[in-house]
Amino acid sequence: MAQAHFSAELLDELNLLCLYNLDTTHEGLKVHASSAAPGAVAAASRLYAKGLVTQGDGGYLTPRGREAALHAQELTGLLAAAELTT
């Protein structure tokens, strides 16, 4: 089986998903093309194309996006905890 890895583009998407506040559905993100990193701008557009956010510049999480953000944030927490114990 081929070894999977996170591409730079996927990491940008995961990083953006980790910025969402999962404690509320009434809070979104706005990725400003004039001031955000180009990778974040492109990631927001890709997340929109995938149906994970409501706008091409961020917006709110869709139900599928909320699930993706939850998994991304949980993975970040799991990996951070592993770094502390090893």
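The classes are set as follows: buried means under 20% relative accessible area, exposed means over 50%, and partly exposed lies in between, with a 1.4 Å probe and protein chains only.

Before I continue, a word on the source. This is a predicted model, in which local features need pLDDT of at least 70 and side-chain atom pairs count only at pLDDT 80 or more, while totals for chains, interfaces and linings use all residues. Residues are numbered from 1 along each chain as its sequence is written, and side-chain values use heavy atoms, with hydrogens and water left out.

Let me turn to the overall layout. The chain holds three helices and three strands, and from the N terminus on these elements run α-β-α-β-β-α. Helices (H or I, at least four residues) and strands (E, at least two) are DSSP runs, numbered from the N terminus. Along the principal axes, the C-alpha atoms fill a box of roughly 40 × 30 × 25 Å. Of the 86 residues in the chain, 21% count as buried. The accessible surface comes to about 6,000 Å², and 60% of this belongs to carbon and sulfur atoms; such areas come from the Shrake-Rupley method with a 1.4 Å probe, and for residues only the protein chains shown count as cover. Among contacts between residues at least 6 apart in sequence, 55% join residues at least 24 apart, where contact means heavy atoms within 4.5 Å.

I now come to helix 2. The buried residues of helix 2 are Ala 43, Ala 44 and Leu 47. Seen down the helix axis, these buried residues fall within an arc of 100°, so they line one face of helix 2. The arc is that of the directions from the helix axis to the C-beta atoms. This buried set packs against helix 1 (8-17), strand 2 (53-55) and strand 3 (58-61). On the face turned away from the buried side, helix 2 carries the exposed residues Pro 38 and Ala 49. After helix 2 comes Gly 51, whose phi is positive, near 80°.

Val 41, with which I began, is found in helix 2. Not counting residues up to four places away in sequence, Val 41 touches Val 31, His 32, Ala 33 and Ala 36. Val 41 and Thr 25 are 16 residues apart in sequence, and their C-alpha atoms are 22 Å apart in space.

Next is helix 1, in which Glu 13, Leu 16 and Leu 17 are buried. Down the axis of helix 1, its buried residues fall within an arc of 100°, so they too line one face. How accessible is Glu 13, and what does Glu 13 count as? Its relative accessibility is 5%, and Glu 13 therefore counts as buried. Beyond residues up to four places away in sequence, Glu 13 touches Ala 43, Arg 46, Leu 47 and Lys 50.

Finally, Thr 62 lies in the loop between strand 3 and helix 3 (63-85). At 16% relative accessibility, Thr 62 counts as buried. Leaving aside neighbours within four places in sequence, Thr 62 is in contact with Gly 51, Leu 52, Val 53 and Thr 54.
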